[in-house]
Amino acid sequence: MLLRLPLWPFSLVYGAAARLRAWCYRLGICRQRRLNGAVISVGNLTVGGTGKTPMVIFIAQRLASEGKRVAVLTRGYRGKPLNAPAAAGESQPAASSSDEVAVMQSHLGSQVRIGVGANRFTEGRKLEQEGIDYFVLDDGFQHLQLARDLDVLLIDAMNPFGGGFLLPAGRLREPVSALRRADLVVITRSERAPAVESLIRRHTSAPIFYAQTELKGAFRLEPRALVPDVSDHFPKRPFAFCGIGNSSAFFADLRRWGIDLTGQTDFPDHHVYSREDMQQLERLAKTAGAESLVCTLKDFANFGSQRFAELPVYLIRIQLCVTHEDDFWQALQTIIARKRPGDAQ
């Protein structure tokens, strides 16, 4: 708390700027640009992981399974890492422009197009030529430049509002009052959070749903191997590591799935692993009595050309499970149909 006090004045300025920006878009002073296809935005209010990428994958897969032509629009991050592994039966995806894009490619394969770039409207216009019906806008809640037909806002039950402080003193990207822009709210990493619901209800009457990540499978990467293989079992007594937005949630999920960890360590989000990192991780794992390592697909995308020398690595593959999925999907379609008659069928 004391460390936040010197940054508090800057948070006031940041908050005033965020409110002014949203107000300008709401009144039409700043003009939004619209794509021909329906746009579904997935976002959050805080810095860090709330499950945006799994939700983007969930929505895109569901739309594609219904015969819709779907594209994901994402900013991407940094340069081009190595590819994430393709799902069983799929070809290896093309080189991506970020770790998160690599994860999307590994799940979505060729059934969903992915447009990567800071200007999501420009990327969307390119994909419109392919007759895209639906665009899923990744991390789109603050990307007000692009008009959307539905805002899905994710709230992490473990840390819903980042301590209540705006950047840079806290983790909030916008004031909590921005909840009123949400069409659907999804509380992640919980099946029931009445206290969080009560806080949300102070700002919006949007339908509230719950979602949790579930273990879908794993890839096994042997020492020095370049490409992982689909694994039919999970590691015993592994040492866990990751460089993602919410590392504590990943470690908690591993234990919830029955994986007995010998130890764990984390890195900053989007961390690129060096040879020294891998050597240190193997030393930590061996000291803890581990026989393997375990991390996320996103981490693998940041291995680059580096590989572990002695221990196998299990790359965890997850999926998002929305409680009352059919009700969620019906609410999503109803809102889009109200805004774009004939599109959500």
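**Close-up views of a predicted model**

**View 1. Cysteines without a disulfide.** A search of the whole structure, which is a predicted model, finds zero disulfides. A disulfide would need two cysteine sulfur atoms within 2.5 Å, and the sulfur of cysteine 30 lies 4.5 Å from the closest cysteine sulfur, that of cysteine 24, which is too far for a bond. Cysteine 30 has a relative accessibility of 29% and therefore counts as partly exposed. For cysteine 242, the closest cysteine sulfur belongs to cysteine 295 at 8.6 Å, again too far for a bond, and cysteine 242 is buried, with a relative accessible area of 0%.

**View 2. The crossing of helix 2 and helix 9.** The axes of helix 2 (residues 52-65) and helix 9 (residues 325-339) come within 13 Å and cross at roughly 80 degrees, so the two helices are roughly perpendicular to each other. Helix 2 contributes Met55, Phe58, Ile59, Arg62 and Leu63 to the contact, while helix 9 contributes Glu325, Asp326, Phe328, Trp329 and Leu332.

**View 3. The buried residues of helix 6.** Within helix 6 (residues 247-256), the buried residues are Ser247, Ala249, Phe250, Phe251, Asp253 and Leu254. Their cover includes strand 7 (208-221), strand 9 (238-242) and strand 10 (263-266), together with strand 11 (292-296) and strand 12 (313-322). Just after helix 6, glycine 258 takes a positive phi of about 90 degrees.

Notes. Residues numbered from 1 in each chain as written. Predicted model: local features only at pLDDT ≥ 70, side-chain atom pairs only at ≥ 80, totals over all residues. Heavy atoms only, no water. Buried < 20%, exposed > 50% of the residue type's maximum accessible area, 1.4 Å probe, protein only. Axes fitted to C-alpha atoms, helices over the stretch in contact; angles between N-to-C directions. Helix = DSSP H or I, 4+ residues; strand = E, 2+ residues; numbered from the N terminus. Parallel < 35°, antiparallel > 145°, perpendicular 65-115°, else oblique. Contact = heavy atoms within 4.5 Å.
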